[in-house]
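Visitor: I'm new to reading structures, and I'd like a close look at a single chain. Could you walk me through chain B, please?

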Amino acid sequence: MELLRSLAITGTEEVLSISGLILLLAAAWGGDKASRAISIAAVAVLTVCAVLTAPALCQAAMGPGVSAWNGQFSGDAFAAFGKLLVYAGAAVTLIVAPAFFERDNAMRSEFPLLVLFAAMGMGMMVSATDMLALYIGLELNSLAAYVMAAFLRSDERSAEAGLKYFVLGSLASGILLYGISLTYGFTGSTSFAGIHVALAGPLSMGAVFGVVFVLAGLAFKVSAAPFHMWTPDVYEGAPTPVTTFFATAPKVAALGLLMRVSLFAFGAQPGVWQQIVIFVALLSIVIGALGAIGQDNIKRLLAYSSINNVGFMLIGLACANQAGAAAMLVYLAIYVAMSIAGFVAVLMLRDENGAPVESIAAMAGLSKTRPALALALAAVMFSLAGIPPLFGFWGKFVVFQAAVQAGLLTLAAIGIAASVIGAFYYIKVVKVMYFDEAADVVRGRSDVAQRVLLFVSVVAISPLGYLLTKSLGVLAGHAAAALFHIA
Amino acid sequence: MSGFPILSLMLLVPLIGAVACLMAGREQARVIALTATLVDLVLGAVLWSHYQIGGPQWQFQEHASVFAGFEWKLGIDGIALLLIALTVFLMPICIGASWNAIEKRAGEYYANFLVMETLMIGVFAAQDLFLFYIMFEAGLIPMYLIIGIWGGADRIYASYKFFLYTLLGSVLMLIAMMWMANEAGTTDIPTLMAYSFPVKAQTWLWLAFFASFAVKMPMWPTHTWLPDAHVQAPTAGSVILAGVLLKMGGYGFIRFSLPMFPEASAQFAPLIYGLSMAAVVITSLIALVQHDMKKLIAYSSVAHMAIVTVGLFAFNRQGLEGSMIVMLSHGIVSGALFLAVGVIYDRLHTREIDRYGGLAINMPGYALFFMLFTMASVGLPGTSGFVGEFLSLLGIYAQSSWVALVCTTGIILGAAYMLYLYRRVIFGVQKNADAAAMSDLDAREWAMMIPLGIAVLWMGIYPETFLAPMRKDIASLEARLAQARPKGDADVQLAALPPAAATHEHGDAMEHGPQSGPEAQHEGAR
């Protein structure tokens with residue numbers, strides 16, 4: 001019975017792995033000609049998984065009832081929240097990828113499979129309640145991601161991005177693994193519940209080292225400063241659909257992981273990691289903002305923007321309470337919508353021959369030549385900057401409100417003042433598109449799927465998004481409650 | 001009228017117009033924009049006519065809890081009513097001013113203006129702390145685009161400066177608002193206005209709000225964005241910037257800083273006096289040496305806004321009422337002056353004062369209106385400027401005679417730079433042939449000038465129309481401030497105030513009587 005129950009809780013992972021294997025066979029038989037069909041099938045699989053996941057979130061599943069495989073894995077509302085965002089990011093990647101790769105004749109039928117396996121790894125990351133399950137999920141995702149970053153084999157920048165990501169990613173995995181082993185050594189357990197109990201008493205120096213190493217490894221995965229160096233290079237070098245993927249799904253999974261580890265596994269000692277998170281948050285905000293100023297490539301700029309935004313999200317984590325976690329999840333959901341809108345818009349920037357346009361200078365006067373696209377990008381920029389009435393403001397709002405309620409007034413004041421630095425480069429992009437003379441480089445047409453995706457995501461980040469605040473708040477509340485249930 | 005969501009409708013009309021403008025060409029866009037603003041003007045008139053003077057403090061209340069964390073909550077008192085009236089009055093004139101001047105990307109231009117109108121009305125009508133913040137802050141986007149796209153040569157620097165200055169000012173206010181909502185357990189502005197925050201916390205909260213409002217107002221020394229923004233903005237942009245956007249700072253003080261943090265306001269009153277005195281003298285002197293007409297008027301705005309702040313922080317009824325009237329008057333007068341500059345700019349495409357001269361000969365109609373607005377800016381009795389400045393200075397005189405003395409020099413300097421400007425542009429010989437060849441006002445310009453002229457004279461001759469709606473709100477604010485009021489330096493209460501107070505009660509008693517308090521004082525002053 002226990003086996004059946006566990007199998008039922010990990011249902012989405014089973015669907016993903018089995019359908020992934022079947023599609024792998026299909027890919028081997030069908031070759032690259034079948035890549036479109038396999039992409040469509042993969043999106044269908046992700047949709048099924050999302051449908052399977054949704055009830056756990058809506059019913060606010062939590063506690064031992066949804067814990068599977070002897071406490072290795074939890075199918076609670078928090079995991080469901082993370083998974084839904086991960087699946088959304090993965091599905092968007094699959095939808096936009098074929099058109100991009102086909103131009104270079106680089107579309108391979110493995111691509112959708114890599115996305116599926118990565119999605120499965122990320123599902124494990126947000127569900128893991130044991131250090132080993134966590135590590136397996138993380139590596140499953142990372143291996144797929146390294147290949148995806150280097151997917152344009154003929155492109156030097158793509159190969160470089162893949163290699164950089166691989167080398168630095170392995171280093172971070174090593175640090176994380178070292179932290180896990182230290183934690184295990186000093187607490188005698190790899191399960192989050194066991195670590196939580198073991199850390200409750202007086203803290204040994206070794207355990208502190210374990211916590212620090214685990215957090216450092218995870219900070220790399222969420223691309224928080226000072227472990228952010230890989231982000232701009234990988235975001236710039238990777239093919240744009242893959243960058244879309246990196247900016248959404250793995251970010252959600254890694255942040256979910258970080259939240260569960262900090263708030264649950266290390267939840268008994270918030271004082272130990274809180275100051276680290278505060279430091280990392282402020283540093284990410286400032287470095288993300290300052291680093292972006294000099295960029296002339298829109299993808300690099302968005303990479304720094306993601307560092308900046310992770311900093312804001314970490315302010316929610318620094319609160320170390322349920323309200324902070326819920327705020328962080330709201331921000332995360334909005335951030336995924338903003339990233340999708342941003343990168344889909346970047347994908348639609350193409351010149352006459354259909355080659356991607358990435359330089360900000362080439363976007364000059366976009367509002368005259370392509371007003372709708374410029375409007376969408378302007379909405380993304382103002383939203384990322386957190387200027388009301390765009391929905392990006394709401395993410396910052398809930399996070400800072402949680403910080404104020406938790407008494408972290410200084411952190412909130414410094415963080416929000418630093419957000420003004422960030423506003424500078426966001427409005428610079430708007431300036432280039434709206435105030436400058438038209439460069440008239442962007443002329444390529446984009447397909448219907450991209451336009452639909454852009455429209456939907458821009459509507460979500462427009463002021464209409466505020467109508468979602470109530471339901472989003474309730475769902476994030478369920479997820480955060482699940483995170484704190486056992487703790 | 002009860003139950004009909006007229007405020008939401010006033011927000012919705014320009015918004016729909018904005019979407020329509022985005023899709024329309026130049027010809028249709030300006031017609032749509034004019035229609036939308038005129039509809040809002042009519043709605044504003046309906047709003048005023050149904051506003052019960054002396055009725056409940058908050059009227060036309062609407063409430064819908066559709067958001068998490070804050071609510072869609074609207075409602076107005078007399079102070080908000082007057083500022084909304086100012087907004088809807090100036091908007092059609094702005095559209096008129098842009099009628100021929102804007103040729104490129106007209107659809108986007110009018111859409112930005114209409115969005116701006118929605119947000120400005122939203123700021124004054126919001127009854128929820130965070131709804132107010134969203135409206136307050138959102139105005140940055142359309143204004144950034146208006147300055148940046150349709151502005152003059154140095155528009156990009158000006159737009160950045162405007163955006164980043166005001167954003168930095170506002171974000172700290174957001175943190176303060178969150179703390180207040182957390183402390184008081186509500187985001188309802190009327191409730192917060194009666195809530196007593198701990199005095200120690202008030203200091204910090206007041207400073208955070210001050211950071212925002214001082215930049216918006218703008219107060220010296222954070223005013224430097226204003227001349228840049230004004231000079232570079234198109235005429236209508238300047239009108240709306242000077243006419244309404246600057247009033248958001250004053251509205252912020254009167255709605256938030258004073259009633260919510262009375263003790264801190266008293267504590268920081270010397271700071272306000274110091275900055276205001278500096279502003280009055282310094283910016284007036286700067287205005288005196290300007291060669292650019294718009295810059296001159298921009299600096300004069302800073303000086304006038306300083307009179308508003310001293311009046312507000314006089315902690316008495318004359319000061320508060322006077323400040324409100326200065327705000328309304330300055331909204332109309334500075335808007336009209338920017339419009340007047342725009343009229344000749346459209347003809348000669350320069351704002352250099354030296355390029356004009358002797359316009360009274362070829363543009364007599366224009367010279368007449370320019371004269372009226374110049375006099376109103378100087379504060380000549382009979383125009384709107386006099387009523388407000390007189391009341392404000394009277395209010396501050398009761399509190400501190402030194403501040404009153406220094407601020408009064410602003411009136412003298414104001415007369416100096418405005419009359420000097422008028423002399424150089426309108427009188428003298430016609431030294432430039434192209435300026436001499438300019439035609440007088442056309443029908444469209446007459447149509448814009450006449451309502452402004454009427455408003456200036458109405459407010460100057462019969463200010464009771466504008467004092468009556470806010471009298472009760474000002475009185476309750478004065479009562480709220482009474483216990484925190486700092487002691488004045490001159491003991492003038494005994495000698496000077498009873499007659500003034502008596503005239504006020506007289507005015508109260510005769511709500512619609514022909515003789516109002518300030519008028520009586522005005523007579524007395526002469």
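This is a predicted model: local features need pLDDT of at least 70, side-chain atom pairs count only at pLDDT 80 or more; totals for chains, interfaces and linings use all residues.

Guide: Happy to! Of the 526 residues in chain B, 60% are buried. The overall dimensions come next: along the principal axes, the C-alpha atoms of chain B fill a box of roughly 65 × 55 × 45 Å. A compact globule with 526 residues would have a radius of gyration near 24 Å, and the 22 Å of chain B agrees with that.

Now for what chain B is built from: there are 24 helices and two strands. Let's zoom in on one pair of helices. Helix α16 of chain B covers residues 364-378, helix α18 of chain B covers residues 401-426, and their axes come within 9 Å, crossing at roughly 170 degrees. Because of that angle, α16(B) is roughly antiparallel to α18(B). On the α16(B) side, the contact is made by A367(B), F370(B), M371(B), T374(B), S377(B) and V378(B), while α18(B) brings G414(B), A415(B), M418(B), Y422(B) and I426(B). Sorted by class, the residues of this contact are eight nonpolar, three polar and no charged.

Finally, let's turn to where chain B meets its partner. Here 26 residues of chain B are in contact with 27 residues of chain A. On the chain B side, the elements giving two or more residues are α5 (129-138), α6 (140-150) and α7 (155-184). The largest share, 13 residues, comes from α7(B). By class, this side of chain B has 22 nonpolar, three polar and one charged residues.

Conventions
Residues are numbered from 1 along each chain as its sequence is written. Chains are lettered from A and ligands numbered from 1 in the order in which they are written. Axes are lines fitted to C-alpha atoms, for helices over the stretch in contact, and angles run from 0 to 180 degrees between N-to-C directions. Helices (H or I, at least four residues) and strands (E, at least two) are DSSP runs, numbered from the N terminus. Angles under 35 degrees count as roughly parallel, over 145 as roughly antiparallel, 65 to 115 as roughly perpendicular and the rest as oblique. Two residues are in contact if their C-beta atoms, placed from the backbone, lie within 7 Å. Ala, Val, Leu, Ile, Met, Phe, Trp, Tyr, Cys and Pro count as nonpolar, Asp, Glu, Lys and Arg as charged, and the others, Gly among them, as polar. The radius of gyration is taken over C-alpha atoms; the globule rule is 2.2 Å times the number of residues to the power 0.38. A residue is buried if 20 or more other C-beta atoms lie within 10 Å of its own, exposed if 12 or fewer, and partly exposed in between; C-beta atoms are placed from the backbone.
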